[in-house]
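Hi,

Here is the structure I promised to send over. Have a look at it first, then read on for what turned up among the aromatic rings.

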Amino acid sequence: AVPMLALAATEAEFASATAGADGVVAYFWASWAPMCSQTDELAERLSKECTKVKFVKIDADQAEDLAVKFDVESVPAFVFIQGGSKVGMVVGPNAPEISQKAMQLDRAQKGSAITSVPNPPSDQPNAKPADLNSRLKALICSQPIMLFMKGAPGGEKCGFSRTIVGLLQENGVKFGTFDILTDEEVRQGLKEYSQWPTYPQLYAQGKLIGGLDIIKELIEEGELKDALGMTGGGDLNKRLEALVNKEPIMLFMKGAPGAERCGFSRTIVSLLQQNGVKDFGTFDILSDEEVRQGLKEYSQWPTYPQLYAKGKLIGGLDIIKELIEEDELKSSLGV
């Protein structure tokens, strides 16, 4: 009997495996990716349920040409193909979304071609414990630029991590790293925290920039250093202006929410959260001495924390306390 799930490692093998099939699901996997153990079973099951669609299993490490052809840069990945054209892709072990797209592609084989497959609405709230989220925030903010990867620079344990390290180094980016293979709680928790299902993940000033594909795009467009908050030209005032305007409300503090490094920062974070101001960006001034010293002169405010709204300085802890007492905090912040 012909197996439901065909195997392919080259474009020729893929063409042979999909000959005569209008609807195709290309499942990219890798032996070093633990998540693929979940998607292996899913692909096997769907190949038996969606009988009008041809399923092909592709080792991403061996089939680099196919990975490039279908823009696959993380595994597991399911590429949905109709009439020779890619119409959708799911990266990561999102079984409901993969199943929905596969079944819709299968139904389309009755004659009507599909042009896109919508994503189902997400109804799963972030339910990670607060202590884990605090730990993740502290890790993300432990360096101005942080890369969460498999292995370490010079000892990478997957091709995607090796590539992103090379690209960052070639572009003169200094960064810290965390090996997600050493801590399963961080590995699984960060995917939910960031709403990004795969690794590597690159962060700058505590904000997710993206994975390998995003970094490649930023390099191609000449925007990598801007996205990472690197001035390149040394114009500190422009950098500070960009930082204070990075979010509608920005707090410059010591440490990060949940991992504050001084009592004043801990107090102001607590006051903001208690008063319903929960959507604010932060910058750890201990992570960047140039910003720490420069912002005091830029704002003419000699101490930290400093709170900004729409790029304008509101003040420090004492000002925030006064605004709360006078019930003027939210109006001052424009929320």
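For what follows, rings of Phe, Tyr and Trp (its six-membered ring) count as a pair if their centres lie within 6.5 Å. Planes under 30 degrees apart make a pair stacked, over 60 edge-to-face, and the rest tilted. Keep in mind that this is a predicted model.

With that rule, the count is seven aromatic pairs. Take F148 and F178: their centres are 5.8 Å apart with 40° between the planes, a tilted pair. F148 belongs to strand β6 (residues 145-149) and F178 to strand β9 (residues 176-179), so this contact ties together parts that are 30 residues apart in sequence. As for burial, F148 has a relative accessible area of 0%, while F178 comes in at 16%. Buried means under 20%, so F148 is buried, and F178 is buried too.

Then there are F252 and F283. Their ring centres are 5.8 Å apart and the planes sit at 40°, so that pair is tilted. It also links distant parts of the chain, with F252 in strand β12 (residues 249-253) and F283 in strand β15 (residues 281-284), 31 residues apart. F252 is buried at 0% relative accessible area, and F283 is buried at 3%.

Two other things to look at while you have the model open. F14, F28 and F70 are joined into a cluster by ring pairs. And K57 has its charged end over the ring of W29, 4.6 Å from the ring's centre.

Cheers

Note on methods
Residues numbered from 1 in each chain as written. Predicted model: local features only at pLDDT ≥ 70, side-chain atom pairs only at ≥ 80, totals over all residues. Heavy atoms only, no water. Helix = DSSP H or I, 4+ residues; strand = E, 2+ residues; numbered from the N terminus. Buried < 20%, exposed > 50% of the residue type's maximum accessible area, 1.4 Å probe, protein only. Lys NZ or Arg CZ within 6 Å of the ring centre and 35° of its normal.
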